[in-house]
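Reader: Before we turn to details, could you take me through the side chains and backbone of this protein, one point at a time?

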Amino acid sequence: MRHIHIRKDDTVEILSGDDKGKRGRVLRVLVDSDKVVVEGMNKVYKHLRPSRQNNQGGRLSKEMPIAISNVALIDPTTNKPTKVGVRYLPDGSKERFAKKSGTGLGKVAPARAKYAKK
């Protein structure tokens, strides 16, 4: 099983490609293919043939998935890209955290007595 540390609604920075350096919000995480869809990034034109619903036809602009290795999470305290780690809290619950500042990014799993600090 894969562990993807970027979640929906996280703010990320694009590390490579045409949109390098830009920031956006994650709309979807595609776990099977290790990709994310970021709002307003990696846009392509889908050409539509005229049909009953769309008499005119034309071009529809849509976001395409980006490899998860090409995005970095933005640390909420430093406002810079960071790696994401997972740690257990004293009560035994698991949380994501920003590696640069150590800031917690929200719980991942509920408290378990097995992992609680005694």
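Author: What follows is a set of questions and answers on a predicted model.

Reader: Which side chain is joined to that of Asp-75 by a polar contact of 2.7 Å?

Author: Leaving aside neighbours within four places in sequence, the residues in contact with Asp-75 are Lys-80, Thr-82, Ala-98, Lys-100, Ser-101 and Thr-103. The side chain of Asp-75 also has a polar contact of 3.0 Å with the side chain of Thr-77. The polar contact of 2.7 Å joins the side chain of Asp-75 to that of Ser-101.

Reader: How are the rings of Tyr-88 and Tyr-115 arranged, stacked or edge-to-face?

Author: The structure holds one aromatic pair. Its rings, those of Tyr-88 and Tyr-115, have centres 4.2 Å apart and planes at 10°. Planes under 30 degrees apart count as stacked, whereas those over 60 count as edge-to-face. The angle of 10° therefore makes the pair of Tyr-88 and Tyr-115 stacked.

Reader: Which elements give two or more residues to the largest nonpolar core?

Author: The largest nonpolar core has 12 residues in all, among them Ile-14, Val-36, Val-38, Met-41, Ile-66, Val-71 and Leu-73. One member, Ile-66, is in contact with Ile-14, Val-36, Val-38, Met-41 and Val-71, among others, when neighbours within four places in sequence are left aside. The elements that give two or more residues to this core are strand 1 (11–14), strand 3 (35–38) and strand 7.

Reader: Which residue of strand 3 stands opposite Arg-28?

Author: Strand 1 and strand 2 (residues 23–30) run antiparallel and are joined by three bridges, with Thr-11 standing opposite Arg-25 in strand 2. Strand 2 also runs antiparallel to strand 3, to which four bridges join it. In strand 3, the residue opposite Arg-28 is Val-37.

Reader: What phi does Asp-34 take in the hairpin of strand 2 and strand 3?

Author: Most residues other than glycine have a negative phi. The hairpin of strand 2 and strand 3 has four residues between the strands. In this hairpin, Asp-34 takes a positive phi near 55°.

Reader: What is the phi of Asn-79, which is a residue other than glycine?

Author: Asn-42, in the loop between strand 3 and strand 4 (43–48), has a positive phi of about 55° although it is not a glycine, and Asn-42 counts as partly exposed at 30% relative accessibility. Asn-79 has its place in the loop between strand 7 and strand 8 and counts as partly exposed at 46% relative accessibility. The phi of Asn-79 is positive, near 60°.

Notes
Residues numbered from 1 in each chain as written. Predicted model: local features only at pLDDT ≥ 70, side-chain atom pairs only at ≥ 80, totals over all residues. Heavy atoms only, no water. Contact = heavy atoms within 4.5 Å. Polar contact = N/O pair within 3.5 Å; in protein donor to acceptor, adjacent residues only side chain to side chain. Phe/Tyr/Trp six-rings, centres within 6.5 Å; stacked < 30°, edge-to-face > 60°. Core = buried A, V, L, I, M, F, W, Y, C linked by side-chain atoms within 4.5 Å. Buried < 20%, exposed > 50% of the residue type's maximum accessible area, 1.4 Å probe, protein only. Pairing = 2+ DSSP bridges.
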